[in-house]
Amino acid sequence: MAAAQEMVGLARITRPVLQVAAEPVSLPVIDLGQLRKHSRTRSLAIQEIGRACERHGCFQVINHGIHESVTWGALEAASDFFNLSSEEKAEFESKDLRKPVRYEAVYKNDCHKARELLKHYAHPLGEWIHFWPMTPQRYRERMGRYGRVVRKIALLLMDSILESLGLGPAYLKEKLEEGMQVMVMNGYSERSRSAPVLGLAPHSDYGCITILLQSCKGLHIFDEESECWREVPEVPDTLHVHIGDHLEVMSNGKYKRLVHRAVLNSRTRTSIASIHGLSMNEKVTTAEELVDEQHPKGYRDSSFLDFLDFITSKNKTGGSNFIDSLMLTGN
Ligand code: OGA
Ligand code: NI
């Protein structure tokens with residue numbers, strides 16, 4: 001797709017008010033137990049993942065094997081952190097996007113705190129955990145435990161997603177195993193009458209896949225087919241998985257990144273987005289196997305560090321989205 005055309009598309013979906021469909025979206029549900037089996041059951045599940053990625057850019061995962069005490073422990077650790085005093089959180093406050101741990105409170109209309117976020121690197125855990133907050137007391141233990149198990153799921157899913165693209169089992173295996181994981185803890189305020197509706201503006205995530213854990217509903221996804229926002233329903237014990245910019249690049253546009261946003265609710269909400277990709281300076285490149293005469297290479301190579309450079313300069317100058325900057329024109 002030509003870059004100009006794509007820009008028009010993003011301008012359309014980033015318009016502040018857009019229709020929200022009355023019905024929540026019905027997303028494909030993948031039973032992770034089936035991926036751990038062999039032969040036919042596994043290949044059917046992989047086909048299902050492929051269809052979900054192509055049609056929706058996301059899916060939900062059940063039977064993931066993460067104990068409820070681990071998911072709730074992580075959500076509670078995040079909300080306990082957000083409940084600390086402003087002075088305690090200020091230690092991590094920074095606008096420098098390269099910091100391994102970064103806290104920010106996002107205000108809308110100057111005075112309403114819509115969202116707080118704590119972002120930190122999480123893989124290799126031993127390298128990063130000593131930068132993480134020491135209070136609340138069990139933060140490192142609880143977030144570390146969740147981070148470790150969710151990463152295993154991400155690797156299993158990436159393996160299946162690449163297989164659904166027809167790329168062999170060894171494709172990028174080592175690079176993904178050495179890859180990065182960024183965890184973003186979000187704390188959304190409750191919606192008040194005068195406050196804005198949006199907690200997090202429309203965007204796509206930069207990694208290959210994001211696994212989102214949420215305390216209650218509030219995530220909206222943009223449905224290209226109906227051209228409106230759709231609410232992701234709340235299903236207990238489910239993880240939400242969506243495609244990021246770098247998987248779109250890798251798949252030569254076969255699987256598109258998901259544009260999503262978060263809205264405020266009548267109660268506070270906590271979410272944890274775990275973003276998985278290749279390591280910081282490893283360039284993500286379009287799989288040669290997916291390039292041919294009908295499908296010329298559509299994207300420039302880029303790394304996570306390139307993304308950081310891009311958003312740092314974008315914050316200064318404004319401008320387009322990361323994925324737009326990667327698109328090669330003439331396709
Ligand atoms: C994110 C994100 C969605 C949510 O952190 O990138 O999209 O529901 N979060 O909090
Ligand atoms: Ni996101």
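**Close-up views of a predicted model**

Figure 1. Most peptide bonds, by contrast, are trans.

**Figure 2. A cis peptide bond between H123 and P124.** H123 and P124 are joined by a cis peptide bond with an omega of about -5°. P124 belongs to the loop between strand 4 (112-121) and helix 6 (125-128).

**Figure 3. The backbone at L172.** L172 lies in the loop between helix 7 and helix 8 (173-177). Its phi is positive, at about 60°, although L172 is not a glycine. For most residues other than glycine, phi is negative.

Figure 4. The nickel ion (ligand 2) is coordinated by three named atoms or groups of the protein: NE2 of H203, OD of D205 and NE2 of H260, at 2.1 to 2.2 Å. Along the sequence, these donor residues follow the spacing H-x1-D-x54-H. H203 is part of strand 6 and H260 is part of strand 11, so this pair ties together parts that are 57 residues apart in sequence.

**Figure 5. Polar contacts of ligand 1.** The side chain of H260 has an N or O atom 2.9 Å from an oxygen atom of ligand 1. For H203, an N or O atom of the side chain is 3.1 Å from an oxygen atom of the ligand. In D205, a polar side-chain atom lies 3.2 Å from an oxygen atom of ligand 1. Taken alone, ligand 1 exposes 290 Å², and the protein buries 96% of that area.

**Figure 6. The pocket and the shell around ligand 1.** Ligand 1 sits in the largest pocket. The elements that contribute two or more residues to the shell around the ligand are strand 5 (180-188), strand 6 (198-203), strand 11 (260-263) and strand 12 (269-277). In total, 13 residues surround ligand 1, and the closest are N186, Y188, H260, R269 and S271. By residue class, the shell consists of seven nonpolar, four polar and two charged residues.

Key: Residues are numbered from 1 along each chain as its sequence is written. Chains are lettered from A and ligands numbered from 1 in the order in which they are written. This is a predicted model: local features need pLDDT of at least 70, side-chain atom pairs count only at pLDDT 80 or more; totals for chains, interfaces and linings use all residues. Side-chain values use heavy atoms; hydrogens and water are left out. A residue is near a molecule or strand if one of its heavy atoms lies within 4 Å of it. A polar contact is a pair of N or O atoms within 3.5 Å; within protein, one must be able to donate a hydrogen and the other to accept it, and residues adjacent in sequence count only if both atoms are side-chain atoms. Accessible areas come from the Shrake-Rupley method with a 1.4 Å probe; for residues, only the protein chains shown count as cover. On a 1 Å grid over the protein atoms alone, a cavity is a set of points where a 1.4 Å probe fits but cannot get out, and a pocket is an open set with protein on both sides within 12 Å along at least five of seven lines; lining residues have an atom within 4 Å of a point. A molecule sits in a cavity or pocket if more than half of its atoms lie within 2 Å of its grid points. Helices (H or I, at least four residues) and strands (E, at least two) are DSSP runs, numbered from the N terminus. Ala, Val, Leu, Ile, Met, Phe, Trp, Tyr, Cys and Pro count as nonpolar, Asp, Glu, Lys and Arg as charged, and the others, Gly among them, as polar. Donors are N, O and S atoms within 2.8 Å of the metal (3.2 Å for Na, K and Ca); water is not among the atoms, so sites may look incomplete.
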